[in-house]
Amino acid sequence: RSGAGVAAGAMDINKCLCRVAKEFPEARQRCIYDDEKPVLYPHRFANMVLLMGSRRSGACIVGPDWFCMLVTYVLILVPSSFFLINVASRMHVIVLVIGLLGASLTVWAFTMTACADPGIVYRRRAGQRASHRSRAVSPEEPQLSTDYSSRTSMRRDDDELLRLGYTMCSICEVPRPPGAQHCYDCDVCVEDLDHHCPWSGKCIGRRNLVYFRAFLALLTFHIVFVICVTGVQLANGEPVT
């Protein structure tokens, strides 16, 4: 190609990149900061969507597989509603209460798993100390620079964290504590990453692992209870429709 054609093509690519940057400003920065300002509307960062709240104090965050998350809700609510209406309502009131309680707790545990912060590692702003939710690596918090006007001060803070056992993620460009790994589906680093669960819509990490385990336990109890009660009603010759 001629020099003029190459220059014209480069200008077209630059225009496209500028348009994308305006529509998705978070795409211009790989570092995801621990912002304190809450939002009241959906806000995208990496492959996650912050529905409301703030990243530091807690938020409602859904992952890239949000469609599978909605399918999971349907798989829980539809059979549970059928059981409560057509089976449990015809038996003793205790059966109905246990069934309703089991379904409600299962939905609650799944909601906390799917919407809670899994333990995303953010880059701290200037002079910001570690979040109270982060695991302590050293008894003494490193004294980070309060001047982020130059790359030198930011590099000095990164070196201090690396000395304390942090590792630098080459994708997120953020210092992460020991045990944190990068989730390529969510495109963020997560503390104590266990796995990426498509049925919950995102990865399971340090801050939502306990909810995930509670969800599995409650779901198992609810399924066994529904099967046993339905089996008893069928054994008595009563319809379930």
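The model is a predicted one. The protein has 241 residues, of which buried residues make up 39%, and its secondary structure comes to five helices and nine strands. Read from the N terminus on, the elements follow the order α-β-β-β-α-α-α-β-β-β-β-β-β-α.

**Overall picture**

**Helices α3 and α5**

- Two packed helices are described by the angle between their axes and the distance between the axes.
- Helix α3, which covers residues 93-115, packs with helix α5, which covers residues 209-235, at an angle of about 150° and with the axes 8 Å apart.
- Because angles over 145 degrees count as roughly antiparallel, α3 and α5 are roughly antiparallel to each other.
- The crossing of α3 and α5 is left-handed.
- On the α3 side the contact includes V95, I98, L105, W108, F110 and M112, while on the α5 side the residues that meet α3 include Y211, F212, L218, F221, F225 and V229.
- Sorted by class, the contact of α3 with α5 has 17 nonpolar and five polar residues, with no charged residues.

**Helices α2 and α3**

- Helix α2 and helix α3 pack at an angle of about 175°, and their axes are 10 Å apart.
- That angle makes α2 roughly antiparallel to α3, since the cut-off for this description is an angle over 145 degrees.
- From α2, the residues M69, T72, Y73, I76, L77, S80, F83 and L84 take part, and they meet L96, G99, L100, A103, T106, V107, F110, T111 and A114 in α3.
- The residues of the contact of α2 with α3 divide into 12 nonpolar and five polar, and none of them is charged.

**Helices α2 and α5**

- Helix α2, which covers residues 66-86, also approaches α5, with axes that come within 11 Å and cross at roughly 35°.
- The crossing of α2 and α5 is left-handed.
- In this contact, α2 contributes I76, S80, F83 and N86, whereas α5 contributes F215, H222, F225, V226, V229, T230 and Q233.
- By class, the contact of α2 with α5 has six nonpolar and five polar residues, and no charged ones.
- I223 is found in helix α5, and with a relative accessible area of 42% this residue is partly exposed.
- Although I223 and I76 are 147 residues apart in sequence, their C-alpha atoms are 9.7 Å apart in space.

- A46 has its place in the loop between β1, residues 43-45, and β2, residues 48-54.
- The phi angle of A46 is near 55°, which is a positive value in a residue other than glycine.
- V188 lies in strand β7, where V188 is buried, with a relative accessible area of 1%.
- V188 and A46 are 142 residues apart in sequence, yet the distance between them, C-alpha to C-alpha, is 6.7 Å.
- D192 is found in the loop between β7, residues 188-190, and β8, and at 28% relative accessibility D192 counts as partly exposed.
- The phi angle of D192 is near 50°, again a positive value in a residue other than glycine.

- P198 sits in the loop between β8, residues 195-197, and β9, residues 202-204.
- With a relative accessible area of 32%, P198 is partly exposed.
- Leaving aside its neighbours within four places in sequence, P198 is in contact with D65, C68 and M69.
- P198 and W66 are 132 residues apart in sequence, but 8.2 Å apart in space when taken from C-alpha to C-alpha.

Definitions and conventions:
Residues numbered from 1 in each chain as written. Predicted model: local features only at pLDDT ≥ 70, side-chain atom pairs only at ≥ 80, totals over all residues. Heavy atoms only, no water. Axes fitted to C-alpha atoms, helices over the stretch in contact; angles between N-to-C directions. Helix = DSSP H or I, 4+ residues; strand = E, 2+ residues; numbered from the N terminus. Parallel < 35°, antiparallel > 145°, perpendicular 65-115°, else oblique. Left-handed = near helix turned anticlockwise from the far one by under 90°. Contact = heavy atoms within 4.5 Å. Nonpolar A, V, L, I, M, F, W, Y, C, P; charged D, E, K, R; others polar. Buried < 20%, exposed > 50% of the residue type's maximum accessible area, 1.4 Å probe, protein only.
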